[in-house]
Every structure is written in C-alpha cells, then in structure tokens.
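Dear colleague,

Please find below the structure I promised to pass on to you.

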Amino acid sequence: MNLPKLASMAIAAGVIGATATSALAQQFPSEPVTLVVPFSPGGSNDIVARQLGMQLSEMWGQPVVIDNRPGGGATIGSAHVAQQDPDGYTIMIASVTFTMNAAVRNDLPFDPRADFTPIALIGQVPLVIGARPDMEATTPEEFFEYIRSSDALSYGATGLGSIQHFAGELLNQAVGSNVQVVQYPGGGPAMTDVMGGFIEYSIGSMTQMLPQVQAGAIKPIALTSLERSPAAPDIPTLNESGLDGFEVIQWWAILGPDGIPDDVVTTLNGSINEVLASEQFTAFLAADGGTPRPMSPDETGAFMAANFDRWAEVAERAGMLVE
Amino acid sequence: MDLWSNIAAGFQIAVSLENLAYCFLGVFLGTFFGALPGIGSLAAVTMLLPLTFYLDPTTALVMLAGVYYGAEYGGSTSSILLNLPGTPSNAVTCLDGYPMTQQGRSGVALFATTIASFWGGTFGIILLYTLAPVIAQWALAFGPAEYFAIMVFGLVAAATVTQDAPAKGMAMVVVGMMLGTIGADLTTGIARYDFGYFELHDGVSFIALAMGLFGVSEIILSISQNVDKPFIQAVTFRSMIPTRDEVRRSPMPMLRGAGIGAFFGALPGTGPSIATFIGYAIEKRLSRHPEQFGKGAIEGIMSPESANNAAVQAAFIPTMTLGIPGSATMAVMMGALLIHGIQPGPQLMTQNPEIFWGLAASFWIGNLLLLILNIPLIGVWVRLLQIPYGILYPAVICFICIGVYTVRSSPFDVGMVLFFGLLGYVLRLLRFELAPLLIGFILGPMVEENFKRAMLIYRGDFWAMLERPISGTLLVMTALLLLWSVWVMIRNRRERRAHAHDIGQADD
C-alpha cells in the first residue's frame, strides 16, 4: 500500500467520522441520557437534577436517568463522570462545593478544572445568616458590632470546606471578627443548635432557614447574595449593609467529561437554557428563593474558573487546607 | 375539642380509598422487605422513593412511611427464625429471639414481637398526636454537651449487653468505636484510616457492618457446622400462646421499651438502633434473672421491639415539626416532601394540616393493618425454615448484597459486607459477642463529634459540661452506674470465692 493511498483513506475516514459526529449532534439525544448526582437522593442537588431531568426528557422524548453516586464528598460520582466517554450521554450536576472542594483538598482523583467540559449553569440561590432567636442584634450593622465584640462566640457549618464554612470565614475576614467555627454533620443539626442557643448563627440555605424564620425560631440577619431575594424581600443583603461586593451563593452547573464535541455541548446548552426559561422551572427555583442563571458554555467555564480562583484564595487566607 | 376535630379530619383523609390502598401497599411491601434479611428500611424506602413522585404528597408519604415502619415490624421475623436481622435495629432481637426458635417456640416469639411492635408504634403515635410541638421544643434543649452525656451513658449501658465475659465485651465496644473513626473527620477534613479508598471517606457503611457481622457470619457458621433443622414446628394459634409466666413478665419491658424508643426517636440523630440496644441493656439490668438473657428471655425481645417501633414513629416528630430529619431514612422521606414542593418545618401543621393529621392517622391504621397482616402470616414465615438451606442461604446472601448496594449505590460496600461477614465468623468462633461492637460503632463517633463540638463551644472548659443541668445530671448518673457495676463485680467475685472456699474447692 503506497503512501498517497493511505492518506486518502485516512481523509475519507476523517470525513465520514466528521459527518457521523454532526449527524449525531443533530439527532442528539438518540438514546437515554444519564444525569449523575454525586450525592444521595433527597438533597438539593438531587432535587434540582430531578426537576431538570424531568423537563429535559419531556423536551427530548428520551428518558433522562438520574444516577445517584454518592460518597467521598462527591469525589466518587465526579471521578466516575470524568472517566466516561465524552459523548454527551453522561453528564453530571455540580454545585459551588465542587469548586470549594478543589480549594481545600489535594487528594482528588481527578483534576476538577481540566477533566470536565462545562456545559451550562442552572441557577443560584443565596444563603441567609440565621442567628439564635434571642440575640439582641437585629440589623446587620448591630450584628457586625456584636460578633466583633467577643472572642468567645461560635458559628455552625457543615464540615471543613463546606459552603457554610467558606461563607463564615469570608464573613470573619470581611467584618474583622474572630468567631469560632463548629462543624456539624448537616445543615439541619447546625440549625437546631442555633435554635437552641448553643451557637450564635449558621449561614445556611433559605430552604432550610425560611420556615424557621417565619415561626420566629431563627432571627434572619442578612442574605449573602448581591441583591435581595423575592422569596424574602425584607431581609437585607450584606452587600448593601457595608460589606461591598460580599457574595457567597449556592449554584448548580451541568458538566460532562472532558472532550465533548462542541456541537453536542451547544445542543445540550440550548436545551437546558430552554428549560431554565420555562415558567415551570422558574417557579420551581423560586419556591426556595432561587433564580435561573442561563449562560453559554464559555460563560459557564469562565464562571467556574473564577470560582476556583476565589475559593483557593479564601481557603489560603483562612488556613482551611486539609493537612 | 380542637385536637379531636383534627384527629377526625386526619382519619377522614387517611381512610380515603386511595390513601388506604397505598397505606396497605406500603406496609405490605415494608413487611416483605423487612423480613428479607439484608434489605432494611433505608434500602426499601430508597428503592420505592421514585415510585411516589407521581402521587399526591400526602399519599406519597403515607406509602413511604408505611414502608418504613412496616420494614421495622417485619425485620424481627428473620432475627427470630434465622438469627439474621432483617434490619440493623433488629439485631438485638436475635439475642433472645433465636434461642426461642431453637427451643421450638418461634410462634410465641413472633406473636410477642408483633404485640410489642404494635404497642410501641401506638405509643409513638399517641405522642405524635398529643405532644409533638412540646417534644420538639424539648429536643432543642439538647446541645452538644447533652448529646455527649447521653452517648457516654449509652456506651456504659451497652457494656452490660455482654453475657459472661465483661472484658471481651468491652474489647468489642472499643473495636466498634475504632471502626467508627474511619472516614473524613468533620472538623479537620482529614480522612482517617481510609487506606486511600475514597469509598471509606464517608466512613464504613453501617448497613454493611451490621449485615456482615450478623447476617453473613451466621450463614458461614451454619454452613461450616452443617446444621440440620431441628426447629421446625407446626404453627397453630395454640403454639403462639406464651406461658402464664411470660405474660406476667411482658408488660413492663414493653412499656419501658416504648418510653426509651420514643425518647431516642424524638432526639434527632439518634434513632431506633440505639433505642433497641439501650432497651435491652436496661431490661437486663432490672431483671431478677439476668442469667436467662441470651437464652430466650421474653423481656429480651419485648423491650427492643417495642422500643424500635416507638422510635420509628417518634422519629416523625422532629421531621414534621422542626423540619430536621433524625436519620438517613427520615432524610429520604423529607426529600419526598421537598420534591412535591412542601417544606416540613414549624409551619407544616398550620400550612398543610391535611398532611400532618392525615399522615398521623394513616400511621395508626397502618399499625393496625400490620397487626392483622402479621398474626396470620406467622405460620407462613415459620414455614420459611423448611426451605433447604442450600436454596435459602444463597438467596439470603443475594438479598443482603442488594440491600447493602442500594443504600449508597456502592459496589465497594458489597465487598465490605463480605469482609465483615468473615470477621464476624472469626470473632464468633473466638466467642466474642458482636452486639457491643455494633453499639460501639454507632455511639463512638457521636461521642467524639459531640465532645469536639462541646469543647469548641465552651473553649476547652470541661467543667462547663458538668455545670449544665441535663448533661451534668447524666454524667453523674453514668459515673454512679459505673461505680455500681464495679461494686457488683467485686461483690460477686468475693461471694463466689467465699462460696468456693466453703465447699472446699478454692483453687487459688
């Protein structure tokens, strides 16, 4: 076999391959799509993924299978996805903790920046500072004054490098206070200890906090988003209370293994953004004080990169690295 | 009466044809999964959760809750008949339930646990009805120091679950606590003893440990000993009737069990397994015949089963009134409500009264259904024993693997259950008891975590814990219990020595 012949065969194979890919993209998805949730059923990632999956499967006429792969602080599910074929049929939900984990752990079995294709951002929801009900401080300014006043105070978070921990340390850095973190196995137990007055506050999800706020069992101090939330318009933000630019939000994104062809990414991104624009999905997020935040794949990538950098910096300043 | 009208409204919702049907389906599937060794309530609820996405929220919860308490009900069956706990919280029931089967009295044991379960469940429901908001408030008074004190008390009480060799029992408690330290530490994030396995990052799976130690090891033991089946008995209603002495000895353990169960059920983060162990330990302490425990004492099954089901029902109190799930199973259940856009919490009773009262009513109907379902089924269950072991055991191993896998979708845990099966087998050959290991595993990490939290909050001041009324009292009680046990031990030894001396057989 001579060289030109080999070359022409290779070109032909390439052309066929290329047409096959674009044909694939046009019909995408032609088989069920697996949406991996690296947590157990019932948590916020799972609930968001199920709602998104349900609406995507209605749109595509293809089932979207929710695959819960919990364990290792989301490393098991993420590592699994990183090793799958980059054909768009295996995707995963990742949250802000995906970028926070990268900042505190050096034992991840994958490269969180390089091993994934960012596909789309779903939405975001602010956290709320919930204080013990008998705290004297009511406004954010009084609250800052109070937590600065003593070194004997504690706040609750849900493990080293959790979003609550990052929010708490960022608050300490911004206010100049020295409140001690106490770790709990979950947002619920941390909240009960705030309600019982054992710790001063916990910075938790609105879903968990708002029912307690309405019942008067927890005093809301401020939100951690840049703007107020329609779900609780009376609660001020830290941003408007003297901590300019203070923002810690819970967000969810859809990622896939590294190397998904651009056209498949575009199709996936388009479908997801269509779901985000639907009234059904907006209402679903709004129930927990959240809002959709549609982005292009490139914007999603840039957004995540900015998060990786920011949390690495906060972790370093607060000494949050796992030894 | 407001309460009565609420109860009436609840029953109206619960007896609708749809809810009744799903309640029955739930308790039936629950009993079935519970009776299968290895598939516990968590696995059953997780498996059936997706089915309920398409139901009305009340109906969905009626069914899932039915699966949950149905599984806890059914779990005692295989504990008693096969010495294989159906769910981890039925492990204690093996201790005295299986000896009863060996004595040919499985009918009595199954009947007794059904009654105890029904009473425990009913007691939990009465509390849910009448005192839910009060109990929820009271549970808030328990902070890290208080939890630490209770858990230490539990550990000391657990040491008495041991039969004859206290040192071996304590050793097992310590092994359990050591296994409990595996996994990432909350405060430092450091993964302890994970040997590089990310699967161990969240700790050893409790289900894998319990099912391996009690289930798989029992199967290996039976195969290696080539046991025949001498225990088959014809089950007539007559054979279920306990002796007059047993009837007399049953009510108090059942009442105490329900109280202990309700206490631990209502306390978020504790739950049925702890309740059953402590119920058993307390009965053994109070009994005038502690030597009968482990040989088929009726108290040894009445108290834990009553505690188990009371805890299961009481666990709904923090979930429904505070929105704080007390256990992994309750977290899945709360997820079912969240998926329907309902946030459990202090507002649930006012904003969605139909869910709260409807669910509470369905619990009692479900418990009644279980009673009706279970008594005639006793005969059927006992016939399970007639299945040749060559068919039964491979099937059981299969169920155990499915049950363990479902909880965390982890093939690694399936390997773990087999490993713990071998470990359990070796320990049993060496005559170590496994129950203390399990209780050490549950309580150890809770003692450590709560101690760390308390020390952080009080900035290292241990006296602060003793000055708090609840934790102080509990810690002093624990110290007294410990002193008393030591005193009893010394006294017994002295008496034994004196006795041996009297009859001239002292060899030391």
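Predicted model: local features only at pLDDT ≥ 70, side-chain atom pairs only at ≥ 80, totals over all residues.

Chain B

Chain B contains 22 helices and two strands. Its C-alpha atoms occupy a box of roughly 75 × 65 × 50 Å along the principal axes. The radius of gyration of chain B is 22 Å, which agrees with the value near 23 Å that a compact globule of 508 residues would have.

Contact of chain A with chain B

At this interface, 41 residues of chain A are in contact with 40 residues of chain B. On the side of chain A, the elements that give two or more residues are helix H2 (44-60), helix H3 (75-82), strand E6 (180-183), helix H7 (187-195) and helix H8 (206-214). H7(A) gives the most to that side, with five residues. By residue type, the side of chain A that touches chain B divides into 19 nonpolar, 17 polar and five charged residues.

Domains of chain A

The domain assignment of chain A gives domain 1 as 35-124 + 249-318 and domain 2 as 126-241. Taken over C-alpha atoms, the centres of domain 1 and domain 2 of chain A are separated by 26 Å. Their contact takes 17 residues from domain 1 and 19 residues from domain 2. Within chain A, the elements that give two or more residues to the domain 1 side of this contact are helix H4 (96-104), strand E9 (249-257) and helix H11 (297-318). H4(A) provides the largest share of that side, six residues. The residues of the domain 1 side divide into nine nonpolar, five polar and three charged.

Packing of H4(A) and H11(A)

The axes of H4(A) and H11(A) come within 8 Å and cross at roughly 45°, which makes H4(A) oblique to H11(A). The crossing of H4(A) with H11(A) is right-handed. From H4(A), the residues involved are A:Val96, A:Thr99, A:Met100, A:Ala102, A:Ala103 and A:Val104. They meet A:Met304, A:Asn307, A:Phe308, A:Trp311, A:Ala312 and A:Ala315 in H11(A). The residues of this helix contact divide into ten nonpolar, two polar and no charged.

Yours sincerely

Terms used:
Residues numbered from 1 in each chain as written. Chains lettered and ligands numbered in written order. Contact = placed C-beta atoms within 7 Å. Helix = DSSP H or I, 4+ residues; strand = E, 2+ residues; numbered from the N terminus. Nonpolar A, V, L, I, M, F, W, Y, C, P; charged D, E, K, R; others polar. Domains from an automatic or database assignment. Axes fitted to C-alpha atoms, helices over the stretch in contact; angles between N-to-C directions. Parallel < 35°, antiparallel > 145°, perpendicular 65-115°, else oblique. Left-handed = near helix turned anticlockwise from the far one by under 90°. Rg over C-alpha atoms; globule rule 2.2 N^0.38 Å.
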